[in-house]
Amino acid sequence: MKEQRNLWIAIAVSVVILVGFQFLFPHKPDPQVREAQVREQLDTNSTAPKPSSSTQTPSAPGGKTAAPVANRDDALASSPRIEINTPRVQGSIRLVGGLIDDIQLQGYRETEDPNSPLIHVLNPAGSDDAYFGEFGWVAADGAGDIALPGNDTRWQADSDTLTPEKPVTLSWDNGQGLTFTRTISIDENYMFSVKQSVKNDSGKEVSLYPYGLISRRGLPHTSGYYILHEGPVGVIDGSLKEISYKDLMEDDGAVSKKSTGGWVGITDKYWLVALAPANDESLTARFSHHTVNNTDKFQADYLGAARTIASGASATSESHMFAGAKEYNLLDAYADKYDIKLLDRAIDFGWFWFLTIPFFQILQWINHVIGNFGLSILAFTVLVKAVMFPLANKSYKSMSGMKKLQPQMTKIREQFADDRQRQQQEIMGLYKREKINPASGCLPIVVQIPVFFALYKVLFVNIEMRHAPFFGWIQDLSAPDPTTLFNLFGLISWTPPHMLMIGVWPLIMGITMFLQQKLNPAPADPTQAKIMMFLPLIFTFMLAKFPAGLVIYWAWNNTLSILQQRYIMYRMGSNDPRLRAAKRGYGKK
């Protein structure tokens, strides 16, 4: 009875793995969500707040923009611009509104083709997929008659080019005694620094709230994986917040919370746009969604504490804006340099972050030495196997011992076929005499589950794996194997359905899994044995959609496990005739 229970435990573990993997596959978005992606006109009405009482804190504006135009080029040409020119960023700042709305990344392209277009992180206001950062001031209650800079304000600039060595200062006079200036600088990577100032010569005291916002028009295309967060994200009051587009779209909802410091933004799989005010700033962070003319508008913003400015005095507000690739080392460095808590967690490391981050760092170090991420994965697998060797060695010995005892166990079952209790007692006595724990054979699988998921996260979410080649047909380790058995790996001019895209590496993985399974003791129950026999086939189809780097890891890991098991069986004197013959031949030398 206990032996069957152990077998069922092994099957249950496999089922858990299978069910868990189902959550890794893309789900079909709701049709209503798809309909929301239809390109329609952007709202042209201001959504700036009008507080109703002196005790009410205003909200950040809603990102008013010009009416949408046909394409990106027309939107860029609709306003004078300041060119952005850095080693890693090219783009421009819109002088009407002072919006940072045109960012392209040097070094990142849409496909592996070196001639494909550069990645566009931000898109100009007025385009049908506008995505921009905005800064400004909101008036307190009773100051609604004060003219404040908005998205239709024409700023004056002291330069027509922004470089890491040369900041740009924008200025605007409201004609009521207030002079606004905004100094924008950028480093050699993806971090903007924005310093806003207000000089009050109006002859009366004014109170203003600084704000920053990120506005995104339209529901963006996402990877559709449950284990990957794409959408509004931030660290509010010291804790990471991840909010899905779907949650915000329900009832045109908004999520807001008070915080001291922190950051808010919107993340894609590999790209991030985030705002980080000063770490001692008391603020209200908010994520919101509005539907205007059947068009979705998502926004992440913060509203800082009020600045009361006496006549003849000035007030300032400083913040940072990240717009670029989610490179772990860079985000981690920014978190330290500007004291932006958990900025590196914009990369969705998942529940096993305590494994994912070290795994990535080790892989990165190995790749620095080897120069190929695919080979680095193989080397990393050897390292993991070495660390787990004592546990795996004990488990494989138990499984080899179980395989060796199969004839005796069969004899006991036949001898006590009508007495199940006596049968179990004899089998347990056999285990005890041979010092074998039948449950320990499951340990390698159990231990590998968090390792598998952690490495999956490394390969799936870290941009360092994007477009990283291996050898031959694998030109992107973060993408599935592009070949398929069902057109004879390209020999037949036919593109099979997506579910039949079973490439070379998934097949190798399936074969190694089958061979490894053959080295383990088969379940006594024929039905159980058939179920286990189909697992390699099921995993072959499932892992065919996984990143090639992960499949290569799994196949290589299986191969090392096979070698380790065969060596242990050889040392233990397995009943396998081939191994006994090999051992006799070895002893004669």
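Q423 touches I412, R413, F416 and A417, where contact means heavy atoms within 4.5 Å and residues up to four places away in sequence are not counted. Q423 lies in helix 10, residues 420–434, and is buried, with a relative accessible area of 3%. Buried means under 20% relative accessible area, exposed over 50% and partly exposed in between, for a 1.4 Å probe and protein chains only.

This is a predicted model, in which local features need pLDDT of at least 70, side-chain atom pairs count only at pLDDT 80 or more, and totals for chains, interfaces and linings use all residues. Residues are numbered from 1 along each chain as its sequence is written, and side-chain values use heavy atoms, with hydrogens and water left out.

In helix 9, residues 406–415, the buried residues are M409, I412 and R413. Seen down the axis of helix 9, these buried residues fall within an arc of 100 degrees, so they line one face of the helix. P407, K411, E414 and Q415 are exposed on the other side of helix 9.

Helix 6 and helix 7 form a further pair, with the contacting residues listed here.

| Helix | Residues in contact |
|---|---|
| Helix 6 (residues 353–370) | F359, I362, L363, I366, N367, I370 |
| Helix 7 (residues 373–387) | F373, L375, S376, I377, A379, F380, L383 |

By class, this contact of helix 6 with helix 7 has 11 nonpolar, 2 polar and no charged residues. The axes of helix 6 and helix 7 come within 9 Å and cross at roughly 120 degrees. The crossing of helix 6 and helix 7 is right-handed.

Notes: Helices (H or I, at least four residues) and strands (E, at least two) are DSSP runs, numbered from the N terminus. The arc is that of the directions from the helix axis to the C-beta atoms. Axes are lines fitted to C-alpha atoms, for helices over the stretch in contact, and angles run from 0 to 180 degrees between N-to-C directions. A crossing is left-handed if the near helix is turned anticlockwise from the far one by less than a right angle, and right-handed if clockwise. Ala, Val, Leu, Ile, Met, Phe, Trp, Tyr, Cys and Pro count as nonpolar, Asp, Glu, Lys and Arg as charged, and the others, Gly among them, as polar.
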